[in-house]
Protein chains: 4
Amino acid sequence: MKKQLNVGIIGYKFMGRAHSNAWIKAPLFFDLPAVPVLKAACGRQEESLKEFAKKWHWEETETDWKKLVSRPDIDIIDIALPQQLHYDVAIAAAKEGKHIFCEKPLSMNSRQAEEMLKVCEDNKVKHYLNHNYRRTPAVSYARKMIDDGKIGRIFHWRCAYQQDWIVDPEFPLTWQLRKETAQAGPQWDLNSHAVDLAHYLIGDIATVSALTAHFIKERPLADETTSGNLSATAKENEKGEVTVEDAALMMVTFKNGTIGSFEATRFATGRKNRLTFEIYGSKGSLAFDLERMNELQYFSNDDEAGQQGFRTILATEAVHPYASNWWPAGHIIGYEHSFVHAVADFIKAIEEDTAIKPDFADGLKIIQVLEAGIVSAETGSQVTL
Amino acid sequence: MKKQLNVGIIGYKFMGRAHSNAWIKAPLFFDLPAVPVLKAACGRQEESLKEFAKKWHWEETETDWKKLVSRPDIDIIDIALPQQLHYDVAIAAAKEGKHIFCEKPLSMNSRQAEEMLKVCEDNKVKHYLNHNYRRTPAVSYARKMIDDGKIGRIFHWRCAYQQDWIVDPEFPLTWQLRKETAQAGPQWDLNSHAVDLAHYLIGDIATVSALTAHFIKERPLADETTSGNLSATAKENEKGEVTVEDAALMMVTFKNGTIGSFEATRFATGRKNRLTFEIYGSKGSLAFDLERMNELQYFSNDDEAGQQGFRTILATEAVHPYASNWWPAGHIIGYEHSFVHAVADFIKAIEEDTAIKPDFADGLKIIQVLEAGIVSAETGSQVTL
Amino acid sequence: MKKQLNVGIIGYKFMGRAHSNAWIKAPLFFDLPAVPVLKAACGRQEESLKEFAKKWHWEETETDWKKLVSRPDIDIIDIALPQQLHYDVAIAAAKEGKHIFCEKPLSMNSRQAEEMLKVCEDNKVKHYLNHNYRRTPAVSYARKMIDDGKIGRIFHWRCAYQQDWIVDPEFPLTWQLRKETAQAGPQWDLNSHAVDLAHYLIGDIATVSALTAHFIKERPLADETTSGNLSATAKENEKGEVTVEDAALMMVTFKNGTIGSFEATRFATGRKNRLTFEIYGSKGSLAFDLERMNELQYFSNDDEAGQQGFRTILATEAVHPYASNWWPAGHIIGYEHSFVHAVADFIKAIEEDTAIKPDFADGLKIIQVLEAGIVSAETGSQVTL
Amino acid sequence: MKKQLNVGIIGYKFMGRAHSNAWIKAPLFFDLPAVPVLKAACGRQEESLKEFAKKWHWEETETDWKKLVSRPDIDIIDIALPQQLHYDVAIAAAKEGKHIFCEKPLSMNSRQAEEMLKVCEDNKVKHYLNHNYRRTPAVSYARKMIDDGKIGRIFHWRCAYQQDWIVDPEFPLTWQLRKETAQAGPQWDLNSHAVDLAHYLIGDIATVSALTAHFIKERPLADETTSGNLSATAKENEKGEVTVEDAALMMVTFKNGTIGSFEATRFATGRKNRLTFEIYGSKGSLAFDLERMNELQYFSNDDEAGQQGFRTILATEAVHPYASNWWPAGHIIGYEHSFVHAVADFIKAIEEDTAIKPDFADGLKIIQVLEAGIVSAETGSQVTL
């Protein structure tokens, strides 16, 4: 009988669902060296927590995360919480020797991130940061192609992460729009993903120039009971200040000489969750769009003259990472599958005591880039990392 | 506590996995009036069956489907088998009063289909036929738009279902390529899906003209142990005759005056699982491609002059059928999700004693069209249904 | 000084403009062995003819085509007329020893076509039939790739030519919608182009099964003064019968074993001039769409596993046929350029006394296929050519 | 009889051809108030000049541009030269009272541009700067949609102009790669077009932050006889320093609060001439790609919920600017047509004595933005205009 790993999850909203689904599905589709057990779910509102736990087969519930973290039967703490709460939970969990599966962005600032990393390392726990888009077959395969030299020397990284959920000025002031709860706007939420992909595919960033925009300065206050999710409702007649940016642009140089750009916004009308990147190299090029996440565009300079062009690779073949665990070629997968891949790799990393990426060290580097961006946007000057 | 419905599944290959996943996931993402219980899995090879059952949480196994079908604790029989075996199992299950969730295509011929339908009706069991593509959000929404009059009078249905898995002449003679086990080639396997969509979106078919092709007449025999799946291996030095068509084209008239075409092939190099349709009407048009199944193309004559064009609707918004059960807008779903939708609707239909479509009556009509196509291809003449 | 070839054009509407432009531009962009001189334009309405001739630099005008055709100074007769008038003019021109540049479709029927071909051959004149889409760089290059063996044995031809200019039932009964003036509807107008491409890219057709539709049986009569063009205006209160089909579908077998389909319609709402084909072969596949006529889609089985996909070739590089005569790579050309290519090749064929394709022999074969389609649609039976 | 306007062109390479074609075609397709006469072509190499003039119907040739500029019979000077030569010619032509049709980018620096503008204004001549992409139907229509309020308040401008013609390190050091002849690299050549579109569609730019890259520092010297065009050949064994940037990125704020980004590069492998922009506003969004220049993407917030999506408008309908002068809907035009539109508008502006845009005032503003970008890239700091 396979070893079991008991998971305790904290948070039961959007990410609580996405993570729960992944813990359930990973052993169905992947050959794992250990079986994750959905042991306990933790949240503050007992009633809705119990409903969540029942639906998602969590065996028990806890309303005090400190208690959960200190339970000796728990092997893994899954932090499915907003960034504001990562630091306290991660530090405590690591000190208790729990492996950590942490939602992104890592933390509110690099000081927190440094400490989180240090405590994890000191306590020799696995620390996984859930920048899940790395683990789509198309993106993983892009990395493989780069590693295999298909792209050659990389000249350009061009990336945008575009959403449109706050274009309406009547959309309320949810926690994501206040600095004290979110630290920043799309620079944190979206560019953290984008910078992770850049680190993964291109390498470390050397300098950052940034520009932020604040299109709508004031919004109706949010009804507290709904403020955790994107379809929040507004209170009447009460307004508050938006204290994070609405959009964030960056131009960067990488240590390897590549130059890059990032655009993150919640004001791109018509783009729901479009994370797109283009990579141009001396031997070939790649392009990706999360809204068509099963596809990878590839141009090869090695193709015969006259027959060159961007190919649409449908990354659903057995040769594409993770794809053989799912369905035959041509049968696409969706957003949630990347979480399953993360869980599968995380379980393997624990059991085989190997590294899993991205981890808190990667997260720290991401936060440093994001912070440099905020500084650059404020000063109007390029920041060297 | 919610009522439970015990499911017995027969078959544990590709479709066994896809169905099992759906039984597990449906209650996680949908509010169901009853809970499906994965009671027993049935198959002939005990060892691999047990492995399958363990992985997918089936409580028990059976190696004799007749025994499973007659078990009083079973409420639902899930027929996840090749078409050759549907008739016997469905008849027996219906006679035992079991609700039936049946993989497509319905049967080997219309005589079987008629009897299957009659026995189900006589025994008042639910009979669902798993043409799952109806239940993608994009296709369901296409139907809604047609019902709402957005497309107006429909002139054209243009459809192709294209795969390429047997282009290599060394691909072996699996059961799908022999008439005695499969009845027909893509006319059965692929056009059954396509005709179902046509019935769903346009209406009944009145006449059929068809053309079939037999590109590769002989192939290596398949190694029996692998012949159930698409990545079969060949035996050396032994060849056998391909007794089904390699491609099947149809031109049809619908009873409502629409004209339509179908192309089904396993020889469309580069197309892995492309099911595409175009619908042209007096007020608007629609287009769909299964390899981008989250998208629906829509052209409206009502758009302002100069601003008309095909729109790419990303059918992931709360307003799109099924989508609100999954993730926020812009987060796509995949192939397997349509099975979950089918299970959710099936459970509801049982508990609320309502109809679920497509059923065996729909399946019978599909088989009649497919048979008419075979006759037309043989005679070179149009067949009136 | 280069030899001059005097051109006489008959017709000065849409095609008159497109041809005139081509005669003017060809010597600017191509190195021609002779210079076409725009000698005389011919039409029945003197005033508008003179205006046309002045604008397009035709030196003289004639209102009697017979006179033009018999002028000894004319080398080339350009028949820019509706199909109804091709026969008389072509026969007369050939008898006078003029080279013929003839708009498509060739004729009203195969009897006419046979005679036109015979008289041309007897009189040893060049006879070019203007199926101009062959001469787009993308389509020409597709042919080259097929000839080079890139596609291998071809299994499938899938083609549609879709327009939407008569979806509105109030669109008047122009000459294109009456059998006595047009012979047929899209079967003649659109499928003639499509069949030409099929002959060019695949080969000869062996059998035809067809289906036609008549969606709108009666329309307002057209104001005669406007009936020559697509934006015709209707007379009030007078209706007439539509005597050609609104849409025509064909399924064919080619002599080489390929199977194919055609759809031609004026009822594809949202498609303005979409001529699209897909070709699937044992080694690769191609796809084309006239509305993106600079692009050719190509899939190669020879690409490395995992890196296969349809490539978008932008056929604007020097290696692509005709492209080096225009602009640098990436600078696209448009609809009219294919006429320029035709003129350039036609001049060369005359001066070098070589064949130019498609010619009236090709046109005859096309008409035979189209006629077979009409017969098949009437009888419901496959027709063997 | 219509008035005639005598044109003298200076330069007979790529732009000489593109301009000549436009002077010839404009009166064929547009109703012009005056007729441009191709009077004299000017260049330094007499033999190739004469060949050019003959081919393109220029009546006479001149080898001294000063002489051409002072000829009293010349009404219009067409400057089809590299930017290095614009200043001298334009100043002289304006002083002689000639109207000026000037290729882009306007000049080597803003000091030149200011003086060019002043002398033109003082001498009351028309001064047109050929940022021709404004005059594609799709881009012109985008402007109309913005003016009509379809897009609402604009939040984002995202633009890239990508080519790949110098990725090969053996591509020689043509004049475009040396500061003394070109002033800058893609910042001048490509971003001048991009900034013109931004000015046209969004408005004036307030601040600029920029980043440039120098990927390949040294290249073979170019064979002088070929260095004027993109397919230059290299001298053996002699290398020189590349003194312009290889790529230039900018982040900007517009005076109206929009934020924007630009990427210009000659190192985007696979992109031949891709100029793409995205515009996101409170009511809708637009996107464009020059390689598909007949298409405009449009998203409207006003579309019914569930039916929203980016539409592909094929800007070939009579309602689209310039399109009715060409062919029926669905028949696309190409790169060169935008030059014809420019000529047509220029002739009208002269005859009706109205303004034509962009003019040298617009060009000056563009150069100021480009210069600010160079300064910002050097200092690492945002520059306020």
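This is a predicted model: local features need pLDDT of at least 70, side-chain atom pairs count only at pLDDT 80 or more; totals for chains, interfaces and linings use all residues.
Biologist: Into which domains is chain A divided?
Modeller: The bounds come from an automatic or database domain assignment. The C-alpha centres of the two domains lie 25 Å apart. Chain A splits into domain 1 (3–133) and domain 2 (135–332 + 364–384).

Biologist: Which element gives the largest share of the side of domain 1 of chain A that touches domain 2 of chain A?
Modeller: Contact here is when C-beta atoms, placed from the backbone, lie within 7 Å, and 20 residues of domain 1 of chain A are in contact with 24 residues of domain 2 of chain A. Helices (H or I, at least four residues) and strands (E, at least two) are DSSP runs, numbered from the N terminus. On the domain 1 side, α1 (14–29) and α5 (110–122) of chain A are the elements that give two or more residues. The largest share, four residues, comes from α5(A).

Biologist: And by class, how many residues on that side of domain 1 of chain A are nonpolar, polar and charged?
Modeller: Ala, Val, Leu, Ile, Met, Phe, Trp, Tyr, Cys and Pro count as nonpolar, Asp, Glu, Lys and Arg as charged, and the others, Gly among them, as polar. With that sorting, the side of domain 1 of chain A that touches domain 2 of chain A has 10 nonpolar, seven polar and three charged residues.

Biologist: Now take chains B and C: how do the residues on chain B's side divide by class?
Modeller: The contact takes 31 residues from chain B and 31 residues from chain C. Several strands of chain B supply at least two residues each, among them β7 (154–162), β13 (274–281) and β14 (284–289). By class, the side of chain B that touches chain C has 15 nonpolar, 14 polar and two charged residues.

Biologist: Is β13(B) mostly covered or mostly open, and how many of its residues are buried?
Modeller: A residue is buried if 20 or more other C-beta atoms lie within 10 Å of its own, exposed if 12 or fewer, and partly exposed in between, with C-beta atoms placed from the backbone. β13(B) has eight residues and is mostly covered, and the buried ones number six.

Biologist: Which residue is the bridge partner of Y280(B)?
Modeller: Strands pair if DSSP finds at least two bridges between them. β13(B) pairs with β7(B) in the antiparallel sense over eight bridges, and R158(B) stands opposite E278(B). β13(B) also pairs with β14(B), again antiparallel, over five bridges, in a hairpin with two residues between them. In β14(B), the partner of Y280(B) is S285(B).

Biologist: Where is P358(C) in chain C?
Modeller: Most residues other than glycine have a negative phi, and most peptide bonds are trans. The bond joining K357(C) and P358(C) is cis, with omega about -5 degrees. P358(C) sits in the loop between α10 (337–352) and α11 (360–379) of chain C.

Biologist: Is Q183(A) buried or exposed?
Modeller: Q183(A) is not a glycine, yet has a positive phi of about 75 degrees. Its place is in the loop between α7 (179–182) and α8 (186–189) of chain A. With 23 other C-beta atoms within 10 Å, Q183(A) is buried.

Biologist: And K124(D), buried or exposed?
Modeller: K124(D) has a positive phi too, near 55 degrees. K124(D) lies in the loop between α5 and β6 (127–129) of chain D. With 10 other C-beta atoms within 10 Å, K124(D) is exposed.

Terms used: Residues are numbered from 1 along each chain as its sequence is written. Chains are lettered from A and ligands numbered from 1 in the order in which they are written. Two residues are in contact if their C-beta atoms, placed from the backbone, lie within 7 Å.
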